[in-house]
Amino acid sequence: MIDKPEEILLPQGFAFSSLAAGIKASGRPDLALVEISGGATTAALFTGNRVVAAPVEVGRASLAASGGRVRALIVNSGNANCATGRAGIAACRRVCAETARILGASAKEVFPSSTGIIGVPLPDEKIRAALPALVRNRTASTQAAADFARAIMTTDTRPKIASARISFAGKSPARNSKPQSGKSITLLGVAKGAGMIHPQLATMLVYLFTDAAAAARELRASLRQACDESFNCMSIDGDTSTNDTVLLLASSASGVRLTSPVVKQQFSAALNRVCQSLAEQIISDGEGVQHVIRLHITGARNRGEALTVARTISHSLLVKTAWAGADPNWGRILAAVGRSGIAMDPSRVNILIGDQEVCAGGVACAFDQNKAHRALAQPECDVRVELGRGRSAIRFLTTDLTAEYVRINADYST
């Protein structure tokens, strides 16, 4: 949504910093910090993979110990610190402890994240050596936020940033509340991710910053809903990462509380928009992606059934390679629906590519193949599968599978 620093809406209470600590062989920035001087209330969601990286383990424990309070976020890219055993846990804790010492905070209030190659020891001595400069250079500026977004990138080709602002005029909708004329709530989302993207989060780090004043339970409810409609409704390659983290931090600096139903609804709607934008940016920047497919599953019995069908289609190598060639091979889509495990009736299934029906009642129908090819050849295309079983529907973002994806992942560690 946003690539220019001047277009970023910056919430109050957050300072950003980034630099090159020597983790990446390229010499590019690979260490980033966000400080919340007044502390932040936090809600988090993590990877569904049973193989969990050290920073996820440490971060979970820290949030539990601090009651969800975070003073700083420290992120390194170029090394996942996963499958590194007790040494990886110890290295992560040393980084948190040193960050806390410099900031005058508690180690349990420092939340760590890592992204990069699995199985390589974390060079925490490089990180700790760079921390004084990293902390010293922190600023509450849009340029610093944009630089933070670039520093957490791995195979990403561009940063992912989205922001929103809700302004209030007159009195708050809540009864017996103080006037909030001229006040506003700002949200800023920063993400990285280009591969290992699969529902239940992805190889994805997502940081959501807001200056709203909210309790952890309020943040958790809003975050879960936003993720269900965005990050859990997309897949590039069907692989679930070991490091996935979605973190929502509220600084309370705006003074606007989420106490009124109307304010809470507006906040949730803005959070949903930011997360949707980040999800779309992640998908469109997927490794080797040429075509983004907006997969619409309709007529399902329930949401779970619709998700099952969407995931089966989006993980089919035959379907994804057909999309890579802009081939309107609807039979592969129908076959994927058939093996999804739901009790579907093929005679009730319709499939549309773009705006034209290509399969009606589970059998071929006349359609313009050149038009369907042109639709799939666009950077984005809508594919609709009607199940004829109920009224539930979802939109699911996915992609093609290209030779470039294979090339990137064939030599990633070398």
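The largest cavity holds about 70 Å³ of space. This is a predicted model, in which local features need pLDDT of at least 70, side-chain atom pairs count only at pLDDT 80 or more, and totals for chains, interfaces and linings use all residues. Residues are numbered from 1 along each chain as its sequence is written, and side-chain values use heavy atoms, with hydrogens and water left out.

**Cavity**
- A search of the whole structure finds one cavity of 30 Å³ or more.
- A cavity is a set of points on a 1 Å grid over the protein atoms alone where a 1.4 Å probe fits but cannot get out, and lining residues have an atom within 4 Å of a point.
- Residues that line the largest cavity include Leu 31, Ile 74, Cys 92, Pro 112 and Ile 127.
- At least two lining residues come from each of β3 (69-79), α2 (85-103) and β4; helices (H or I, at least four residues) and strands (E, at least two) are DSSP runs, numbered from the N terminus.

**Strand β4**
- Gly 116 lies in strand β4, which covers residues 110-117.
- Gly 116 counts as buried because its relative accessibility is 17%, where buried means under 20% relative accessible area with a 1.4 Å probe, protein chains only.
- Gly 116 and Asn 79 are 37 residues apart in sequence, and their C-alpha atoms are 4.1 Å apart in space.

**Helix α7**
- The 13 residues of α7 (residues 303-315) should span 18 Å at 1.5 Å a residue, and the end C-alpha atoms are 18 Å apart, which agrees; the expected span is 1.5 Å times one less than the number of residues.
- Asn 302 caps the N-terminal end of α7, with a side-chain oxygen 3.2 Å from the backbone nitrogen of Gly 304.
- The buried residues of α7 pack against several elements, among them β10 (292-300), α9 (330-338) and β15 (392-399).
- Ser 314 lies in α7 and is buried, with a relative accessible area of 1%.
- Beyond its neighbours within four places in sequence, Ser 314 is in contact (heavy atoms within 4.5 Å) with Ser 235, Lys 320, Phe 396 and Thr 398.

How values were computed:
Buried < 20%, exposed > 50% of the residue type's maximum accessible area, 1.4 Å probe, protein only. Polar contact = N/O pair within 3.5 Å; in protein donor to acceptor, adjacent residues only side chain to side chain. 1 Å grid on protein atoms, 1.4 Å probe; cavity = no way out; pocket = protein on both sides within 12 Å on 5 of 7 lines; lining within 4 Å. Points joined across faces, edges and corners; volume = space filled by probe spheres on them.
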